[in-house]
Amino acid sequence: MLDTAIAKVPESPELVVAVETITCLPDAVQVLTSCTTGNGRMKVYDWGKFALTAYNRETMKGVRTWVIADVVPKWPLINDWFNPAQRIGESPLFEDLVEAFFEARSELIGVREVRIVSPDNVFPRKKTGICEKCGESYNLKCGPICSACQGQAYYTLEGGA
Ligand SMILES: [Zn+2]
């Protein structure tokens, strides 16, 4: 899927990949492309869909690829891998699975050109400032004071403030 998308949206500093599941796919993107959560060029949706979109953040145009569900049952190894609960016997060998994916990919992978419309997928140059409450540096997009000082802290201070 990633190969298919990257073939159409070449690697560049403007490449962004949006993945639609939190399992497996984000790792593949981080290993095989320059897009990581750390550099803000991978967007992860917890939708449980085996699909991804590679796009250019300047043009906001890209390519979405996904696994065509109707085709999966035609490929027993792949079907087993997608439905581990239904599997009878041993899990398939990794090599056999990879081979099946390569053989199946032209019919298994859907491809469609898309345009990105969600403002969440735009990464403006980040503007930082100093929070007037805690004095720490933060991204100004979060508001007039930092997220923690707005009451969203995920921690509490040991021994009081
Ligand atoms: Zn603060």
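The protein chain holds five helices and seven strands, where helices (H or I, at least four residues) and strands (E, at least two) are DSSP runs numbered from the N terminus. Along the sequence, these elements follow the pattern α-β-α-β-β-β-α-α-β-β-β-α. This is a predicted model, in which local features need pLDDT of at least 70 and side-chain atom pairs count only at pLDDT 80 or more, while totals for chains, interfaces and linings use all residues. Residues are numbered from 1 along each chain as its sequence is written, and side-chain values use heavy atoms, with hydrogens and water left out.

As for overall dimensions, the radius of gyration of the protein chain comes out at 20 Å, whereas a compact globule of 161 residues would have one near 15 Å. That radius is taken over C-alpha atoms, and the globule rule is 2.2 Å times the number of residues to the power 0.38. Along the principal axes, the C-alpha atoms fill a box of roughly 60 × 40 × 25 Å. Of the 161 residues, 32% are buried; buried means under 20% relative accessible area, exposed means over 50%, and partly exposed is in between (1.4 Å probe, protein chains only). The areas themselves come from the Shrake-Rupley method with a 1.4 Å probe, and for residues only the protein chains shown count as cover.

On to the charges. Side chains of opposite charge can pair when their charged atoms come close. The structure holds four salt bridges, each being a side-chain nitrogen of Lys or Arg within 4 Å of a carboxyl oxygen of Asp or Glu. One of them joins Arg 105 to Asp 3, with the closest N and O atoms 3.3 Å apart. Arg 105 sits in helix H4 and Asp 3 in helix H1 (residues 2-8), so this pair ties together parts that are 102 residues apart in sequence. Arg 105 is partly exposed at 32% relative accessible area, and Asp 3 is also partly exposed, at 46%.

Another salt bridge links Glu 14 with Arg 57, and here the closest N and O atoms are 2.9 Å apart. Because Glu 14 lies in the loop between H1 and strand E1 (15-19) and Arg 57 in the loop between strand E3 (51-56) and strand E4 (61-67), parts 43 residues apart in sequence are tied together. Glu 14 counts as buried, with 17% relative accessibility.

Lys 74 pairs with Glu 107 in a further salt bridge, the closest N and O atoms being 2.8 Å apart. Lys 74 belongs to the loop between E4 and helix H3 (76-82) and Glu 107 to helix H4, so the pair ties together parts that are 33 residues apart in sequence. Lys 74 is exposed at 56%, whereas Glu 107 is partly exposed at 30%.

Helix H4 (residues 94-108) also contains Glu 103, which is exposed, with a relative accessible area of 55%. Together with Glu 95, Asp 96 and Glu 99, Glu 103 forms a negative surface patch. Patches are made of residues with over 30% relative accessible area and no salt bridge, with like charges joined within 9 Å and nonpolar side chains (Val, Leu, Ile, Met, Phe, Trp, Tyr) within 5 Å.

Finally, the backbone has a couple of points to flag. Cys 24 has a positive phi of about 60° despite not being a glycine. Cys 24 lies in the loop between E1 and helix H2 (25-32) and is partly exposed at 46% relative accessibility. Met 60, likewise not a glycine, has a positive phi near 60°. Met 60 is found in the loop between E3 and E4 and counts as buried, at 14% relative accessibility.

How values were computed. Lys and Arg count as positive and Asp and Glu as negative; His and the chain ends are not counted. The place of a charge is taken as NZ of Lys, CZ of Arg, CG of Asp or CD of Glu.
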